[in-house]
Amino acid sequence: MSQFQLEIMTPDGVAFSGLCESLLVRTDRGDVEIMRGHADYFAAVDTGRIRLTVDGRQRFAAASGGFLSVSGGTVRLALITFEYAEDIDAVLITHEHDDHVGGLGVLERHRAIHMVTANCT
């Protein structure tokens with residue numbers, strides 16, 4: 001599969017820099033999948049899941065806020081947070097809304113994860 005250069009940066013530093021086959025990211029315009037040859041593009045990144053395909057292997061990550069830029073064949077994500085799914089070991093729940101807690105059962109069944117709640121939840 002064709003590859004493109006991907007750089008993912010956070011305030012903590014470079015989270016990823018290398019060749020990627022595809023990138024699926026949630027933007028303020030909806031989910032966008034980037035592959036080699038994508039037109040130049042710029043969008044705000046929403047909080048959500050990111051899927052990278054590198055060397056035929058999919059990896060998932062959680063991200064919050066930032067920007068996606070595609071320019072001259074290079075893709076850059078500048079994000080507030082970026083955590084690979086396998087590195088997430090705890091979830092903090094500050095209040096109960098269906099959209100906040102709806103996926104916790106699935107997460108708990110698939111990962112040994114700590115859940116912490118505020119007194120009001």
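The structure is a predicted model; local features need pLDDT of at least 70, side-chain atom pairs count only at pLDDT 80 or more, and totals for chains, interfaces and linings use all residues. Residues are numbered from 1 along each chain as its sequence is written, and side-chain values use heavy atoms, with hydrogens and water left out.

The protein chain contains two helices and 10 strands. Helices are DSSP runs of H or I with at least four residues, strands are runs of E with at least two, and both are numbered from the N terminus. Along the sequence, the order is β-β-β-β-β-β-β-β-β-α-α-β.

The protein chain has 121 residues, and 31% of them count as buried. Buried means under 20% relative accessible area, exposed means over 50%, and partly exposed lies in between (1.4 Å probe, protein chains only). The accessible surface of the chain is about 7500 Å². Carbon and sulfur atoms account for 51% of that surface. These areas come from the Shrake-Rupley method with a 1.4 Å probe; for residues, only the protein chains shown count as cover.

Contacts were also examined by their separation in sequence. A contact means heavy atoms within 4.5 Å. Among contacts between residues at least 6 apart in sequence, 47% join residues at least 24 apart.

Side chains of opposite charge can pair when their charged atoms come close. A salt bridge is a side-chain nitrogen of Lys or Arg within 4 Å of a carboxyl oxygen of Asp or Glu. By this rule, the model has four salt bridges. Three of them are described here, one after another.

Arginine 26 is partly exposed, at 38% relative accessibility. Aspartate 31 is partly exposed, at 47%.

Another joins arginine 51 and glutamate 33, with the closest N and O atoms 2.9 Å apart. Arginine 51 lies in strand β6 (residues 48-54) and glutamate 33 in strand β4 (residues 30-35), so the pair ties together parts that are 18 residues apart in sequence. Arginine 51 is buried, at 17% relative accessibility. Glutamate 33 is partly exposed, at 37%.

Arginine 59 and glutamate 86 also meet in a salt bridge, at 2.3 Å from N to O. This pair links distant parts of the chain, 27 residues apart. Arginine 59 sits in strand β7 (residues 57-71), and glutamate 86 in the loop between β8 (74-84) and β9 (90-93). Arginine 59 is partly exposed, at 23% relative accessibility. Glutamate 86 is partly exposed, at 39%.
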